[in-house]
Each structure stands twice: as C-alpha cells, then as structure tokens.
Amino acid sequence: MDRRHFIGRAVSSGALAMIAPTAASQSAQASRVRERVGTVEASLAPAIHVAGEPHPGRWTLVERMALYRVPGVSIAVIKDRQIDWAKGYGVLDGNFTAPVTPETLFQAASISKSVTAVAALRLVEQGKLVLDDPVNASLKSWKVPENEFTREAPVTLRQLLSHSAGITANNSGYYSPSKPMPTIVQLLDGAPPSGGRPVRVETKPGERWRYSNNGYAIVQVLLEDVTGKPFGQLMKELVLAPAGMNLSRFQQPLALAARAEAAAAHRRAAGT
C-alpha cells in the first residue's frame with residue numbers, strides 16, 4: 001500500500017501539480033495521529049451500557065489486557081479508506097518476550113469467511129461460478145449429499161456465503177498439533193481423524209439463516225475444484241496480493257519461517 005500523502009495542489013501552465021507535505025505539516029499530522037492512538041489506548045468503553053444505570057467508566061488497553069490475561073494485541077485503524085495507524089502491544093507468547101508489532105501474524109478465525117466470500121465473488125465476476133447455480137454441478141472432490149431437503153431446493157453458492165443453505169452448523173474442529181489433521185473432505189464426511197459428524201443439509205436451503213462453519217468449508221472445496229489450485233494460493237492471487245496484504249496468508253499449519261512472526265495461543269486462566 002502506498003502510504004504517501006499529498007496535502008494540496010496547484011495549477012501551473014494548465015497542468016495539475018501535487019504539492020508534497022512540508023516538515024511542519026508532517027509533524028502536525030503525526031501529532032494528530034498520536035492523539036487518536038492515545039484515545040484508543042486510554043478510552044475503552046463497555047460494549048453495552050444500560051440507560052439509567054451508573055456508567056462503569058472507561059479503561060486503558062493495558063488494564064484490559066491484564067484483566068483478561070492477553071499477552072499481545074495488534075490494532076490497525078482505517079480512516080478514509082486507508083490505514084491511519086497500526087501498533088502492537090505486549091508479546092507474542094506468554095512465555096517469551098518477543099514484542100508484538102504491526103507485522104505480527106494473528107489467527108483471523110471467522111474474519112476469514114468474509115475474505116473467502118470476496119474470493120468467491122471474484123470468480124463469479126470472472127464467469128467461473130454462478131451464485132444461484134447448484135454447487136454440486138461444479139463440485140468434484142466432494143458432493144453435498146442429496147436428501148429430502150435438497151430435492152426441494154438444491155444448495156447454491158449464494159446460500160453458502162449467506163449461511164442460509166441449511167448445512168450442519170459446526171463440527172468439532174480443534175486438533176492437537178501432535179495428532180493427524182483431517183483433510184477437508186474427511187472433515188466434511190466426518191471420517192477419521194475428523195472428530196465431527198458428517199456434514200449434511202438439515203433444513204430446506206434458502207429457508208432460514210443458520211451460521212455454519214461447514215458451509216464455508218464447502219465453499220473452499222468448490223473454489224479449489226473450479227480453479228484446480230490450492231486454497232492458500234488461490235486466496236493470495238484473488239484477494240491478498242491485489243489488496244497489498246503481503247504478510248497475510250491462508251495456511252495451516254504455518255510454514256516454519258513464518259512461525260517466529262506469529263502470536264501463539266494462550267490460556268486465560270494460566271496467563272500463558
């Protein structure tokens with residue numbers, strides 16, 4: 001991302017010229033950014049305040065990290081469609097002292113769903129997918145099992161992206177690094193070493209909203225089958241690289257070279 005800023009313009013000989021920031025304007029801008037950073041660091045408020053009840057006050061970021069025993073936090077603030085500021089707090093791991101920086105890798109968890117949806121919609125733009133076509137027409141590695149619900153209405157990409165396909169809500173998706181990791185097809189089939197049950201359509205597709213991690217697992221298989229590319233590579237090509245997100249990745253487990261830059265999981269009770 002080009003982080004340069006221009007603060008004015010002048011017309012000369014009929015041409016438009018950009019005026020670069022002066023040292024004084026850069027200093028003033030930096031001061032305003034520091035003020036905004038300080039507001040975030042010192043003015044955390046509760047998510048809900050019931051009218052008529054005493055206001056619980058505000059907390060600092062450091063106080064909240066200590067209360068919840070969170071070793072490290074990274075914050076990026078978007079203003080006027082650009083990164084206004086980014087800053088790291090604390091350490092990568094409760095057992096180590098390497099600091100969190102704006103470049104530290106954190107697990108994005110369900111935020112990855114919205115990024116996956118962007119990739120799917122780019123393939124729709126390219127004519128490789130159709131939002132309202134049955135996904136089984138394009139799936140190759142795995143098919144949505146047919147039943148009485150799918151006979152009424154087949155599952156579509158639009159429904160998967162909007163959590164309205166009637167798919168099994170969530171499987172047991174937590175696996176120890178020391179044990180085998182199931183493939184995505186094993187996960188969808190509920191086959192060992194997956195610890196979950198088979199993914200099925202359990203209500204009529206399009207009938208109601210029902211949050212489903214498994215629905216996005218099907219989207220992953222669909223995107224891989226349509227393009228013939230691994231999901232991580234596909235996400236980089238379709239979304240991450242065009243957006244300038246060169247440090248981000250869809251990869252599990254992380255490559256050894258990236259692990260030193262990643263925040264580790266921690267236990268709240270133990271604080272490690």
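Predicted model: local features only at pLDDT ≥ 70, side-chain atom pairs only at ≥ 80, totals over all residues.
Residues are numbered from 1 along each chain as its sequence is written, and side-chain values use heavy atoms, without hydrogens and water. Local features need pLDDT of at least 70 and side-chain atom pairs pLDDT 80 or more, whereas totals for chains, interfaces and linings use all residues.

In soluble globular proteins, nonpolar side chains tend to be buried together. A nonpolar core is taken here as a set of buried Ala, Val, Leu, Ile, Met, Phe, Trp, Tyr and Cys residues joined through side-chain atoms within 4.5 Å; buried denotes under 20% relative accessible area, exposed over 50%, and partly exposed in between (1.4 Å probe, protein chains only). The largest nonpolar core has 32 residues, of which Leu157, Ile218 and Leu223 touch the most other members. At least two residues of this core come from each of helix 3 (111-125), helix 5 (157-161), helix 6 (184-189), helix 7 and helix 8 (231-240). Helix 7 gives the most, with seven residues. Helices (H or I, at least four residues) and strands (E, at least two) are DSSP runs numbered from the N terminus. With residues up to four places away in sequence left out, Ile218 touches Leu139, Trp142, Val144, Leu160, Ile167, Leu188 and Val199, contact being heavy atoms within 4.5 Å.

Helix 7 spans residues 213-227 and contains Asn214. Asn214 counts as buried because its relative accessibility is 3%. A polar atom of the Asn214 side chain lies 3.0 Å from the backbone oxygen of Thr168.

Helix 7 also packs with helix 3, at an angle of about 35° and with the axes 11 Å apart. Axes are lines fitted to C-alpha atoms over the stretch in contact, and angles run from 0 to 180 degrees between N-to-C directions. In this pairing, Lys113, Thr116, Ala117, Ala119, Ala120 and Leu123 of helix 3 meet Asn213, Tyr216, Val219, Leu223 and Thr227 of helix 7.

Most residues other than glycine have a negative phi, and most peptide bonds are trans. A cis peptide bond, with omega about 5°, joins Pro192 and Pro193; Pro193 is in the loop between helix 6 and helix 7. The bond from Gln252 to Pro253 is also cis, with omega near 0°. Arg81, not a glycine, has a positive phi of about 65° and lies in the loop between strand 3 (72-79) and strand 4 (82-90). Arg81 counts as exposed because its relative accessibility is 83%.

How values were computed:
Polar contact = N/O pair within 3.5 Å; in protein donor to acceptor, adjacent residues only side chain to side chain.
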